[in-house]
Amino acid sequence: MDTALELFARKGYHNTKISDVVKAAGVSQGTFYWYFEGKEQMAVRLIENGREKLTQVIEQGYRNHAGSVDDMISSSARLLTDLFEFADSNRNLMAFLLIKGQGADPLVREAVSETWIAFEEAFKSNVNRAIELKMLPQFTDVSLRVNILVSLITGVLTKWLFGPMHDVDYTSAYSPSEIAEETARFEFRGLLG
């Protein structure tokens with residue numbers, strides 16, 4: 001599965017054939033079909049496994065108690081650092097989810113979409129909890145604000161991981177904690193700092 005994920009991340013879903021996967025993994029096609037009906041089923045399983053791990057990272061940011069704005073920024077920076085470290089350690093998964101899985105077969109695209117919906121819902125739970133604790137004001141449209149927040153985070157994450165050319169081997173000048181801290185400050189204080 002790791003071999004398939006790497007190939008999907010580097011070559012794209014459609015450009016990766018089962019024969020490529022089994023050759024790179026050093027197994028027979030019969031072994032592949034023992035575990036999977038086809039490439040689509042394998043890709044969906046990879047995405048579902050990744051979705052669970054990705055949302056667990058975000059759910060760790062769920063607050064137990066209230067705090068100040070500086071505490072919120074610090075907590076958000078810790079959460080985003082965990083997220084960016086996860087993304088860096090799971091670069092092939094993130095490349096598949098953010099870039100290479102977009103033109104895949106319908107079931108694969110649906111699994112990618114469901115992952116981003118779960119990602120956004122995990123952040124929405126965190127924001128709603130901060131509202132319950134009166135750390136954030138009651139918004140009229142929490143979903144819209146969370147959508148904007150998630151767009152900021154996924155945009156920064158994509159550029160940080162893969163650079164302007166969407167290169168899987170790109171290395172950013174910023175560490176996970178540096179980019180996370182700056183993103184958290186921007187999240188709460190915007191362009192005015």
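1. Helices here are DSSP runs of H or I with at least four residues, numbered from the N terminus. Met 72 is found in one of them, helix α5. The model is a predicted one, and the points below should be read with that in mind.

2. Start with the overall make-up. The chain has 9 helices and 0 strands. Read from the N terminus, every element is therefore an α in the run α-α-α-α-α-α-α-α-α. The C-alpha trace spans about 60 × 30 × 25 Å along its principal axes.

3. How much of the chain is buried? Of its 193 residues, 45% count as buried. The accessible surface comes to about 10,500 Å². Carbon and sulfur atoms hold 51% of that surface.

4. Take the contacts in the chain with a separation of 6 or more: residues 24 or more positions apart account for 67% of them.

5. Charge comes next. The chain carries 20 positive and 26 negative side chains. The centres of these two sets lie 2 Å apart.

6. The largest nonpolar core has 64 residues. Which members touch the most others? They are Leu 83, Met 94, Phe 119 and Phe 123. The elements that give two or more residues to this core are α1 (2–11), α2 (18–25), α4 (39–59), α5 (69–89), α6 (91–100), α7 (106–132), α8 (142–162) and α9 (176–189).

7. Look closely at Phe 119. Neighbours within four places in sequence are set aside here. Phe 119 is then in contact with Leu 54, Thr 55 and Ile 58, with Leu 83, and with Val 150, Ile 153 and Thr 154. Leu 83 is itself among the core members that touch the most others.

8. Helix α7 has 27 residues. From its first C-alpha to its last, α7 reaches 38 Å, close to the 39 Å expected at 1.5 Å a residue. Just after α7 sits Lys 134, with a positive phi of about 65 degrees.

9. Asn 126 is also found in α7. Is Asn 126 buried or exposed? Its relative accessible area is 10%, so Asn 126 is buried, the cut-off for buried being under 20%. Beyond four places in sequence, Asn 126 is in contact with Ile 58, Gly 61, Tyr 62 and Leu 79. Ile 58 is a contact of Phe 119 as well.

10. Val 142 lies in helix α8. Val 142 is buried, with a relative accessible area of 10%. What does Val 142 touch, not counting residues up to four places away in sequence? The list is Lys 124, Val 127, Asn 128 and Ile 131. Asn 128 is 14 residues from Val 142 in sequence and 7.8 Å from it in space, C-alpha to C-alpha.

11. Now helix α1. Its buried residues are Ala 4, Leu 5, Leu 7, Phe 8 and Ala 9. Which helices do they pack against? They pack against α2, α4 and α6. Gly 12 follows α1, and its phi is positive, near 95 degrees.

12. Back to Met 72 in α5. Met 72 counts as buried because its relative accessibility is 7%, and the limit is under 20%. Met 72 touches Arg 63, Met 135, Leu 136 and Phe 188, leaving out residues up to four places away in sequence. Met 72 and Phe 188 are 116 residues apart in sequence, and their C-alpha atoms are 8.4 Å apart in space.

Definitions and conventions. Residues are numbered from 1 along each chain as its sequence is written. This is a predicted model: local features need pLDDT of at least 70, side-chain atom pairs count only at pLDDT 80 or more; totals for chains, interfaces and linings use all residues. Side-chain values use heavy atoms; hydrogens and water are left out. A nonpolar core is a set of buried Ala, Val, Leu, Ile, Met, Phe, Trp, Tyr and Cys residues joined through side-chain atoms within 4.5 Å. Buried means under 20% relative accessible area, exposed over 50%, partly exposed in between (1.4 Å probe, protein chains only). Contact means heavy atoms within 4.5 Å. Accessible areas come from the Shrake-Rupley method with a 1.4 Å probe; for residues, only the protein chains shown count as cover. Lys and Arg count as positive and Asp and Glu as negative; His and the chain ends are not counted. The place of a charge is taken as NZ of Lys, CZ of Arg, CG of Asp or CD of Glu. The expected span of a helix is 1.5 Å times one less than its number of residues.
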